[in-house]
Amino acid sequence: MRKDVFLFDDHTLTREGMALLLSKNSDWNVAGQAGSVREAISVIDAAAPAQGDDCVVALVDLSFASDGDSGFRIIRHAADSGKGIRCIVLSTYDSPATVGSVMGNSVGAAGFVSKMADFSVVLEALETVAAGGTYVQENLLPDRLNTYEKVCAALTKKERQIIECLVLGYDNARISKTLGISERTVTNHLSRIYDKTQSSGKQELLAKFGG
(Lines give C-alpha, C1' and ligand atoms only; values in the text may rest on other atoms or scores of the structure.)
Protein backbone atom coordinates (compact mmCIF):
# COMPACT_ATOMS: atom_id res chain seq x y z
CA MET A 1 0.00 0.00 0.00
CA ARG A 2 1.36 3.40 -1.00
CA LYS A 3 1.54 5.95 1.85
CA ASP A 4 2.73 9.20 0.34
CA VAL A 5 2.77 12.63 1.94
CA PHE A 6 3.51 15.97 0.30
CA LEU A 7 4.91 18.89 2.29
CA PHE A 8 3.81 22.36 1.17
CA ASP A 9 5.29 25.17 3.28
CA ASP A 10 7.34 28.24 2.39
CA HIS A 11 9.74 27.67 5.31
CA THR A 12 12.52 25.32 4.21
CA LEU A 13 13.49 24.36 7.76
CA THR A 14 9.90 23.42 8.58
CA ARG A 15 9.64 21.20 5.50
CA GLU A 16 13.01 19.54 6.03
CA GLY A 17 12.37 19.04 9.74
CA MET A 18 9.00 17.42 9.08
CA ALA A 19 10.51 15.25 6.33
CA LEU A 20 13.21 14.04 8.74
CA LEU A 21 10.69 13.26 11.50
CA LEU A 22 8.49 11.32 9.10
CA SER A 23 11.37 9.33 7.62
CA LYS A 24 12.71 8.32 11.05
CA ASN A 25 9.45 7.83 12.96
CA SER A 26 6.80 6.61 10.52
CA ASP A 27 6.15 4.53 7.42
CA TRP A 28 5.10 7.59 5.42
CA ASN A 29 7.08 8.39 2.27
CA VAL A 30 7.71 12.07 1.56
CA ALA A 31 6.80 12.09 -2.14
CA GLY A 32 7.35 15.78 -2.81
CA GLN A 33 7.85 19.23 -1.35
CA ALA A 34 7.12 22.80 -2.41
CA GLY A 35 7.90 26.22 -1.00
CA SER A 36 5.37 28.23 -3.00
CA VAL A 37 1.77 27.88 -4.10
CA ARG A 38 2.81 27.69 -7.76
CA GLU A 39 5.31 24.92 -7.03
CA ALA A 40 2.74 23.02 -4.95
CA ILE A 41 0.23 23.10 -7.78
CA SER A 42 2.90 21.79 -10.16
CA VAL A 43 3.69 18.94 -7.74
CA ILE A 44 0.01 18.03 -7.51
CA ASP A 45 -0.38 18.09 -11.28
CA ALA A 46 2.64 15.78 -11.70
CA ALA A 47 1.57 13.32 -8.98
CA ALA A 48 0.37 9.86 -9.87
CA PRO A 49 -3.31 9.33 -8.94
CA ALA A 50 -3.98 7.23 -5.86
CA GLN A 51 -4.98 3.65 -6.71
CA GLY A 52 -6.82 1.09 -4.60
CA ASP A 53 -5.65 1.29 -1.01
CA ASP A 54 -3.12 4.07 -1.68
CA CYS A 55 -2.99 6.87 0.89
CA VAL A 56 -1.90 10.26 -0.44
CA VAL A 57 -2.02 13.21 1.95
CA ALA A 58 -0.60 16.74 1.81
CA LEU A 59 0.44 18.81 4.83
CA VAL A 60 -0.30 22.38 3.79
CA ASP A 61 0.64 25.67 5.41
CA LEU A 62 -1.81 28.56 4.93
CA SER A 63 0.45 31.59 4.62
CA PHE A 64 2.93 31.73 1.74
CA ALA A 65 4.54 35.11 2.31
CA SER A 66 7.19 34.44 -0.35
CA ASP A 67 4.72 34.70 -3.21
CA GLY A 68 1.85 36.54 -1.55
CA ASP A 69 -0.54 33.63 -1.98
CA SER A 70 -2.24 31.23 0.42
CA GLY A 71 -2.66 27.53 1.03
CA PHE A 72 -6.39 27.84 0.42
CA ARG A 73 -5.67 27.66 -3.32
CA ILE A 74 -3.50 24.54 -2.89
CA ILE A 75 -6.25 22.75 -0.97
CA ARG A 76 -8.88 23.59 -3.58
CA HIS A 77 -6.56 22.54 -6.40
CA ALA A 78 -5.82 19.21 -4.73
CA ALA A 79 -9.54 18.56 -4.29
CA ASP A 80 -10.23 19.37 -7.94
CA SER A 81 -7.25 17.43 -9.32
CA GLY A 82 -8.83 13.99 -9.15
CA LYS A 83 -5.55 12.60 -7.77
CA GLY A 84 -7.07 11.45 -4.47
CA ILE A 85 -4.87 13.83 -2.46
CA ARG A 86 -6.42 14.82 0.88
CA CYS A 87 -5.08 17.90 2.64
CA ILE A 88 -4.29 18.55 6.29
CA VAL A 89 -3.60 22.14 7.24
CA LEU A 90 -0.52 22.59 9.45
CA SER A 91 -0.49 26.22 10.47
CA THR A 92 0.12 28.78 13.20
CA TYR A 93 -3.16 30.41 12.14
CA ASP A 94 -5.32 28.15 14.29
CA SER A 95 -8.29 30.27 15.38
CA PRO A 96 -11.84 28.87 15.11
CA ALA A 97 -12.43 31.27 12.20
CA THR A 98 -9.47 29.75 10.34
CA VAL A 99 -10.42 26.17 11.15
CA GLY A 100 -14.00 26.82 10.08
CA SER A 101 -12.85 28.38 6.81
CA VAL A 102 -10.56 25.56 5.70
CA MET A 103 -12.75 22.67 6.88
CA GLY A 104 -15.88 23.96 5.18
CA ASN A 105 -17.14 22.72 1.83
CA SER A 106 -15.89 25.82 0.00
CA VAL A 107 -12.25 24.89 0.74
CA GLY A 108 -12.37 21.20 1.61
CA ALA A 109 -9.47 20.42 3.92
CA ALA A 110 -9.68 17.01 5.60
CA GLY A 111 -7.76 17.98 8.71
CA PHE A 112 -6.29 20.79 10.79
CA VAL A 113 -3.31 20.71 13.15
CA SER A 114 -1.54 23.62 14.82
CA LYS A 115 2.19 23.98 14.25
CA MET A 116 2.45 24.10 18.04
CA ALA A 117 1.22 20.49 18.29
CA ASP A 118 3.39 17.48 19.11
CA PHE A 119 4.56 15.33 16.21
CA SER A 120 2.34 12.52 17.53
CA VAL A 121 -0.70 14.68 16.74
CA VAL A 122 0.49 15.11 13.15
CA LEU A 123 0.84 11.33 12.83
CA GLU A 124 -2.62 10.80 14.29
CA ALA A 125 -4.05 13.29 11.79
CA LEU A 126 -2.26 11.59 8.88
CA GLU A 127 -3.56 8.14 9.80
CA THR A 128 -7.10 9.38 10.39
CA VAL A 129 -7.28 11.24 7.10
CA ALA A 130 -5.62 8.38 5.22
CA ALA A 131 -8.36 6.09 6.52
CA GLY A 132 -10.99 8.37 5.01
CA GLY A 133 -11.85 10.37 8.11
CA THR A 134 -11.48 14.01 9.05
CA TYR A 135 -9.33 15.31 11.88
CA VAL A 136 -9.23 18.54 13.85
CA GLN A 137 -6.85 18.86 16.77
CA GLU A 138 -9.03 18.53 19.85
CA ASN A 139 -8.22 21.81 21.57
CA LEU A 140 -9.03 23.74 18.38
CA LEU A 141 -12.72 22.87 18.62
CA PRO A 142 -14.34 25.42 20.96
CA ASP A 143 -18.08 26.00 20.85
CA ARG A 144 -17.58 29.12 18.76
CA LEU A 145 -16.53 26.97 15.78
CA ASN A 146 -20.08 25.64 15.49
CA THR A 147 -21.40 29.21 15.58
CA TYR A 148 -18.92 30.21 12.88
CA GLU A 149 -20.00 27.36 10.59
CA LYS A 150 -23.64 28.38 10.93
CA VAL A 151 -22.81 31.96 10.05
CA CYS A 152 -20.78 30.86 7.01
CA ALA A 153 -23.86 29.14 5.61
CA ALA A 154 -25.34 32.61 5.11
CA LEU A 155 -22.27 34.03 3.34
CA THR A 156 -21.62 34.10 -0.39
CA LYS A 157 -18.53 32.47 -1.92
CA LYS A 158 -16.80 35.84 -2.28
CA GLU A 159 -17.63 36.79 1.31
CA ARG A 160 -16.12 33.53 2.55
CA GLN A 161 -12.99 34.22 0.49
CA ILE A 162 -12.68 37.64 2.09
CA ILE A 163 -12.92 36.07 5.55
CA GLU A 164 -10.18 33.62 4.51
CA CYS A 165 -7.99 36.63 3.76
CA LEU A 166 -8.92 38.32 7.04
CA VAL A 167 -7.89 35.34 9.14
CA LEU A 168 -4.47 35.52 7.46
CA GLY A 169 -4.14 39.16 8.48
CA TYR A 170 -4.59 40.71 5.02
CA ASP A 171 -5.54 44.38 4.80
CA ASN A 172 -8.04 45.68 2.22
CA ALA A 173 -5.34 46.40 -0.37
CA ARG A 174 -3.95 42.88 -0.19
CA ILE A 175 -7.44 41.36 -0.25
CA SER A 176 -8.13 43.42 -3.37
CA LYS A 177 -4.97 42.17 -5.08
CA THR A 178 -5.46 38.55 -4.01
CA LEU A 179 -9.08 38.30 -5.16
CA GLY A 180 -8.75 40.54 -8.21
CA ILE A 181 -11.41 43.03 -7.12
CA SER A 182 -11.28 46.74 -6.31
CA GLU A 183 -10.77 48.01 -2.78
CA ARG A 184 -14.18 49.66 -3.01
CA THR A 185 -15.71 46.25 -3.75
CA VAL A 186 -13.83 44.77 -0.78
CA THR A 187 -15.27 47.49 1.44
CA ASN A 188 -18.79 46.78 0.16
CA HIS A 189 -18.40 43.05 0.80
CA LEU A 190 -17.06 43.71 4.29
CA SER A 191 -20.10 45.85 5.10
CA ARG A 192 -22.39 42.98 4.17
CA ILE A 193 -20.26 40.50 6.15
CA TYR A 194 -20.46 42.72 9.24
CA ASP A 195 -24.25 42.96 8.86
CA LYS A 196 -24.65 39.17 8.51
CA THR A 197 -22.36 38.44 11.47
CA GLN A 198 -23.62 41.36 13.57
CA SER A 199 -20.07 42.66 13.93
CA SER A 200 -18.93 46.27 14.12
CA GLY A 201 -15.69 45.69 12.20
CA LYS A 202 -12.78 43.36 11.47
CA GLN A 203 -11.57 43.18 15.04
CA GLU A 204 -14.96 42.20 16.45
CA LEU A 205 -15.62 39.77 13.58
CA LEU A 206 -12.44 37.79 14.22
CA ALA A 207 -12.65 38.12 18.01
CA LYS A 208 -16.18 36.75 17.91
CA PHE A 209 -14.93 33.53 16.38
CA GLY A 210 -11.66 33.35 18.28
CA GLY A 211 -9.48 35.03 15.65
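Trainee: What makes up the lining of the largest pocket?

Mentor: In this predicted model, the lining consists of Asp69, Ser70, Phe72, Arg73, Arg76, Gln161, Glu164, Cys165, Leu168, Tyr170, Thr178 and Leu179. Two or more of the lining residues come from each of strand 5 (69-70), helix 3 (71-80), helix 7 (157-167) and helix 8 (172-179). The space in this pocket is about 240 Å³.

Trainee: How do the residues of that lining divide into nonpolar, polar and charged?

Mentor: Five are nonpolar, three are polar and four are charged.

Trainee: Which residues of helix 3 are buried?

Mentor: Gly71, Phe72, Ile74, Ile75 and Ala78 are buried in helix 3. Their arc around the axis is only 160°, and therefore they lie on the same side of helix 3.

Trainee: What follows helix 3?

Mentor: Gly82 follows helix 3, and the phi of Gly82 is positive, near 75°.

Trainee: Why is Ser63 counted as buried?

Mentor: The term buried requires a relative accessible area under 20%. Ser63 has 17% relative accessibility, and therefore Ser63 counts as buried.

Trainee: Where does Ser63 lie, and which residues does Ser63 touch?

Mentor: Ser63 belongs to strand 4, which covers residues 63-64. Leaving aside residues up to four places away in sequence, Ser63 touches Asp10, Asp69 and Tyr93. One of these, Asp69, is also among the residues that line the largest pocket.

Key:
Residues numbered from 1 in each chain as written. Predicted model: local features only at pLDDT ≥ 70, side-chain atom pairs only at ≥ 80, totals over all residues. Heavy atoms only, no water. 1 Å grid on protein atoms, 1.4 Å probe; cavity = no way out; pocket = protein on both sides within 12 Å on 5 of 7 lines; lining within 4 Å. Points joined across faces, edges and corners; volume = space filled by probe spheres on them. Helix = DSSP H or I, 4+ residues; strand = E, 2+ residues; numbered from the N terminus. Nonpolar A, V, L, I, M, F, W, Y, C, P; charged D, E, K, R; others polar. Buried < 20%, exposed > 50% of the residue type's maximum accessible area, 1.4 Å probe, protein only. Arc of directions from axis to C-beta. Contact = heavy atoms within 4.5 Å.
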